[in-house]
Amino acid sequence: MEIIQIVGLGMLATFLALVVKEHKPIFAFLLVVFVGVIIFIFLIDKIAAIITMLEELADKANVNIVYVQTVLKIIGIAYIAEFGAQIAKDAGQGAMASKIELAGKVLIMVMAIPIISVIIETIIGFIP
């Protein structure tokens with residue numbers, strides 16, 4: 001039922017932003033950003049529970065926790081970059097949104113290098 005609260009808050013903010021946008025566009029934008037941050041904060045507990053569960057599963061499966069943490073960081077970068085890009089697009093800054101997305105992709109590649117290296121070393125180890 002939490003999704004109903006989130007969607008309700010989003011719809012209310014959207015309606016208010018449309019009404020306010022005619023007179024004060026900056027306030028409409030700030031309202032949308034503020035509600036977006038509130039929704040994100042509302043989800044932090046759920047995200048923490050997912051991270052804890054994945055770390056416990058990795059521990060039980062004897063997977064090196066460094067790899068799990070790296071994958072979680074990559075997922076975090078993707079979500080944060082998408083959130084920032086959407087805010088920039090809402091502000092009418094498509095070029096800035098593209099730069100944020102590019103930065104997210106580059107950072108993901110940088111974070112993935114150790115995992116890619118291990119995968120390549122493992123494959124090479126299997127080749128006679």
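I count helices (H or I, at least four residues) and strands (E, at least two) as DSSP runs, numbered from the N terminus.

**Ground rules.** I'm working on a predicted model, where local features need pLDDT of at least 70, side-chain atom pairs count only at pLDDT 80 or more, and totals for chains, interfaces and linings use all residues. Numbering runs from 1 along each chain as its sequence is written, and side-chain values use heavy atoms, with hydrogens and water left out.

**Overall fold.** I looked up the secondary structure and got four helices and zero strands. Going along the sequence, I read α-α-α-α. The radius of gyration is 20 Å, well over the 14 Å that the globule rule gives for 128 residues, so the protein is more spread out than a compact globule. (That radius is taken over C-alpha atoms, and the rule is 2.2 Å times the number of residues to the power 0.38.) I also have the C-alpha trace spanning about 70 × 35 × 15 Å along its principal axes.

**Annotated spans.** UniProt, in an unreviewed entry, puts "transmembrane region" at residues 27-44 and 106-127. I keep in mind that UniProt positions are given in the numbering used here, that feature names are shortened, and that annotations may be inferred rather than shown by experiment. I checked residues 106-127 and found 95% helix and 0% strand, with the end C-alpha atoms 31 Å apart. For residues 27-44 I get 100% helix and 0% strand, and 26 Å between the end C-alpha atoms.

**Surface and burial.** I get an accessible surface of about 9,600 Å², 75% of it from carbon and sulfur atoms; the areas come from the Shrake-Rupley method with a 1.4 Å probe, and for residues only the protein chains shown count as cover. Buried residues are 15% of the 128. My cut-offs are under 20% relative accessible area for buried, over 50% for exposed, and partly exposed in between (1.4 Å probe, protein chains only).

**Contacts.** I call it a contact when heavy atoms are within 4.5 Å. Of the contacts with a separation of 6 or more, 50% are between residues 24 or more positions apart.

**Two residues I clicked on.** T70 sits in helix 3 (residues 65-90). T70 counts as buried because its relative accessibility is 12%. Leaving out residues up to four places away in sequence, I see T70 touching M111 and I115.

V37 is in helix 2 (residues 25-60). At a relative accessible area of 33%, V37 is partly exposed. I noted F83 as well: V37 and F83 are 46 residues apart in sequence, and C-alpha to C-alpha they are 9.4 Å apart in space.
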